[in-house]
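Take a look at the protein below. Keep the structure open while you read.

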Amino acid sequence: MLEVGNGGMTKNEYIVHFSLWAISKAPLLLGCDVRNVTKETLEVVSNKEVIAVNQDSLGVQAKKVRMEGDAEIWAGPLSGYRVAVVLLNKGTQKHIDITANWDDIGIPPKTVVQARDLWEHKTLKTPFVNKLRATVESHACKMFVLKPVA
């Protein structure tokens, strides 16, 4: 059951929890008291783009594809040849750079992709080839949907 909104975690930690739950295709069952949900909690649990990953028609669960120190990379296929990716910083280091290589996340080499940041609700302007790299704060994650464009 989702712990988002039950206290004891920061907003970034709630985002990590919700992101991993969604990419894992786990049922999105709220464990908090919905009568007293905060605006911050509502923002996390009502992110339509993250929910869409959970509800994708392909229905394939993501898995952890790489772990190096405090960094984890989770990835799973979506319909339409897309891939969902979570870059996670489990550590206390304020910021770390995490790189997801295509061979780790199931994208053919040299494929050009467009990346949609699901928590920022924006498509990154620069296309990516062979890898996606992002800076991730401590106890936080970045979640993307990667779509082939060439």
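## Two domains

The model is predicted. The domain assignment gives domain 1 (11–55) and domain 2 (63–148). Their centres, taken over C-alpha atoms, are 19 Å apart. Contact involves 16 residues of domain 1 and 17 residues of domain 2. Together the two domains bury about 1,400 Å². Carbon and sulfur atoms account for 70% of that area.

The count of salt bridges between the domains is 1. R116 and E49 also meet through their side chains in a salt bridge, at 2.7 Å from N to O.

UniProt, in an unreviewed entry, lists residues 68–146 as "domain: Alpha galactosidase C-terminal". That span is 58% strand and 5% helix. Its end C-alpha atoms lie 22 Å apart.

## Strand β3

Which strands join β3? Strand β2 (residues 71–77) runs antiparallel to β3, with 7 bridges between them. A75 stands opposite V85 in this pairing.

## Salt bridges

How many salt bridges does the structure hold? There are 8. One of them pairs K11 with E43, with the closest N and O atoms 2.9 Å apart. K11 lies in helix α1 and E43 in helix α2, so the pair ties together parts 32 residues apart in sequence. K11 is partly exposed, at 29% relative accessibility. E43 is partly exposed too, at 39%.

R82 and D56 form another salt bridge, with the closest N and O atoms 2.9 Å apart. R82 sits in the loop between β2 and β3, and D56 in the loop between α3 and β1. They are 26 residues apart. R82 is partly exposed at 25%, whereas D56 is buried at 10%.

R66 and D104 form a salt bridge as well, with N and O 2.7 Å apart at the closest. R66 is in strand β1 and D104 in helix α4, so this pair links parts 38 residues apart in sequence. Finally, K64, E72 and K90 are linked in a network of salt bridges.

Notes
Residues numbered from 1 in each chain as written. Predicted model: local features only at pLDDT ≥ 70, side-chain atom pairs only at ≥ 80, totals over all residues. Heavy atoms only, no water. Pairing = 2+ DSSP bridges. Helix = DSSP H or I, 4+ residues; strand = E, 2+ residues; numbered from the N terminus. UniProt positions renumbered as here; feature names shortened; annotations may be inferred. Domains from an automatic or database assignment. Contact = heavy atoms within 4.5 Å. Buried area = accessible area lost by both parts, 1.4 Å probe. Salt bridge = Lys/Arg side-chain N within 4 Å of Asp/Glu carboxyl O. Buried < 20%, exposed > 50% of the residue type's maximum accessible area, 1.4 Å probe, protein only.
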